[in-house]
Amino acid sequence: MGKLLVVGSVALDSVKTPFGEVVEAVGGSATFFCIAASYFTDVQLVAVVGEDFSPEHLTALQRDRVDLNGLERSSGRTFRWRGEYSHKLNEAKTLDTQLNVLETFSPTIPESYRAPSQLFLANIDPDLQLRVLGQVKRPSVVALDTMNFWIEGKIEALRTVLKEADILIINDGEAQALGDNRNLVQVSRIIRSLGPKTLIIKRGEYGVVMFHGDAVFALPAYPLEHLKDPTGAGDSFAGGFMGFLASASALDDQSLRQAVVYGSVMASFAVQSFSVDRLASLTDEDVKKRYMDFSRLTTFQV
Ligand code: AMP
């Protein structure tokens, strides 16, 4: 049976927030995604690292439910991202992006990955996302993420990927840029006319809104007293969301709503530490407990 396949970046991130900083810690869109999804289902990873990606770096990704056969090692340096957050933790200021081995990466999907049950095209060059779509048997769900870097630089390729996608998961600023409109309800109509039937807009500390058919579902972010680093929140959300959907093998309104809650659970853990430290060291109990906390947080009587 097919598994959840993700293609994205594996990175060395240097991040500064008002609560501290890390230099060249393991990050990347596919990294956060895989770790979050592995609490729910088996994941297959396709990504590239350079010669400088050490065995210690690799340990972050070595998990029972993560298949690393599709992790390529190329000559050159690993992708690097450097960012900073002010007290306005919703907005990362990108200080430097060094594509390095990502610049010449041409994903080759291993034979055993070519019939996935679900596919997540994490934030990566849309041309690469297209190349992946061309190599796999169409799964029941294709979801993708993107960012301003690609909306500004590769809009035509991105439009082609969007036509093939069932679900788009992006943050509010990116949705507004892609829809060329500030009103998120109008943006949802515009973006969904480009392809994806379901649009999930991440709003950082304000939570998340999902537009699906005629339904709109909104969930606040988990109220945390201490937050260290928002990097990876979006990818961890996507990992929890897709991981739950894969384990539920369903795509009805109820499952999508539960998946949004599990996504928010994983994002809330990711932001409690730098890099993947907290996200990678959870128990199933931790995940369940926070899911129940969300239930209490949002229950009311009508
Ligand atoms: P987010 O979940 O949106 O906070 O994503 C953070 C991750 O995205 C970081 O770990 C970065 O390494 C990665 N990232 C940043 N810029 C890019 C890019 N242009 N392409 C691929 N990955 C990126």
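## Ligand shell

Helix H8 gives the largest share of the shell around the ligand, 3 residues. Helices (H or I, at least four residues) and strands (E, at least two) are DSSP runs, numbered from the N terminus. The model is predicted: local features need pLDDT of at least 70, side-chain atom pairs count only at pLDDT 80 or more, and totals for chains, interfaces and linings use all residues. Residues are numbered from 1 along each chain as its sequence is written, and side-chain values use heavy atoms, with hydrogens and water left out.

The ligand is surrounded by 18 residues, each with a heavy atom within 4 Å of it. Ser9, Asp13, Gly28, Gly232 and Asp235 are the closest. By class, the shell holds 9 nonpolar, 7 polar and 2 charged residues; Ala, Val, Leu, Ile, Met, Phe, Trp, Tyr, Cys and Pro count as nonpolar, Asp, Glu, Lys and Arg as charged, and the others, Gly among them, as polar.

Polar contacts are pairs of N or O atoms within 3.5 Å. A polar side-chain atom of Asp13 lies 2.5 Å from an oxygen atom of the ligand, and one of Asp235 lies 2.6 Å from a ligand oxygen atom. For Ser9, a polar side-chain atom is 2.9 Å from a nitrogen atom of the ligand.

Of the 520 Å² of accessible area that the ligand has on its own, the protein covers 88% (Shrake-Rupley method, 1.4 Å probe). Two or more shell residues come from each of strand S2 (11–17), helix H4 (148–153) and helix H8 (233–248).

## Contact of H9 with H10

The axes of helix H9 (residues 253–270) and helix H10 (residues 284–298) come within 9 Å and cross at roughly 115 degrees; axes are lines fitted to C-alpha atoms over the stretch in contact, and angles run from 0 to 180 degrees between N-to-C directions. The residues of this contact (heavy atoms within 4.5 Å) include Tyr262 and Phe269 of H9 and Arg290 and Phe294 of H10. They divide into 8 nonpolar, 3 polar and 3 charged.

Methods
Polar contact = N/O pair within 3.5 Å; in protein donor to acceptor, adjacent residues only side chain to side chain.
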